[in-house]
Amino acid sequence: MLTRSPDSPDGLLVLGLAQRRTRPADAPVTLRRFLTVAPHHPAAAEITRLLDR
């Protein structure tokens with residue numbers, strides 16, 4: 001999905017959450033990109049809390 005649409009909010013969200021388990025060092029970068037692309041996404045507040053931990 002991200003190959004076709006690299007700024008897909010849902011694609012970035014799913015990738016970032018998956019990276020938390022498989023590539024934890026990359027997850028914050030991806031999730032911050034998600035927040036930049038879609039600051040008003042329904043999951044944005046929860047991802048912001050997750051990153052602030």
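This is a predicted model: local features need pLDDT of at least 70, side-chain atom pairs count only at pLDDT 80 or more; totals for chains, interfaces and linings use all residues.
## The α1/α2 pair

Start with helix α1, residues 9-22, and helix α2, residues 27-37. Their axes sit 8 Å apart and meet at an angle of about 160°. Anything over 145 degrees counts as roughly antiparallel, so that is the label for α1 and α2. The crossing of α1 past α2 is left-handed.

Who touches whom? On the α1 side you'll find P9, L12, L13, L15, G16, L17, Q19 and R20, and they meet A27, T30, L31, R33, F34 and V37 from α2. Sorted by class, that contact comes to 9 nonpolar, 3 polar and 2 charged residues.

## The nonpolar core

The largest nonpolar core is made of 11 residues: L12, L13, L31, F34, L35, A38, A43, A44, I47, L50 and L51. Three helices, α1, α2 and α3 (44-52), each put in two or more residues. The top contributor is α3, with 4 residues.

Leaving aside residues up to four places away in sequence, L50 touches L17, R20 and L31. Of these contacts, L17 and R20 also take part in the α1 side of the α1/α2 contact, while L31 belongs to the α2 side.

## Out in the loop

Now for H40, which lies in the loop between α2 and α3.

For a sense of distance, take H40 and D26, which are 14 residues apart along the chain. Their C-alpha atoms are separated by 22 Å.

Note on methods: Residues are numbered from 1 along each chain as its sequence is written. Side-chain values use heavy atoms; hydrogens and water are left out. Axes are lines fitted to C-alpha atoms, for helices over the stretch in contact, and angles run from 0 to 180 degrees between N-to-C directions. Angles under 35 degrees count as roughly parallel, over 145 as roughly antiparallel, 65 to 115 as roughly perpendicular and the rest as oblique. A crossing is left-handed if the near helix is turned anticlockwise from the far one by less than a right angle, and right-handed if clockwise. Contact means heavy atoms within 4.5 Å. Ala, Val, Leu, Ile, Met, Phe, Trp, Tyr, Cys and Pro count as nonpolar, Asp, Glu, Lys and Arg as charged, and the others, Gly among them, as polar. A nonpolar core is a set of buried Ala, Val, Leu, Ile, Met, Phe, Trp, Tyr and Cys residues joined through side-chain atoms within 4.5 Å. Buried means under 20% relative accessible area, exposed over 50%, partly exposed in between (1.4 Å probe, protein chains only).
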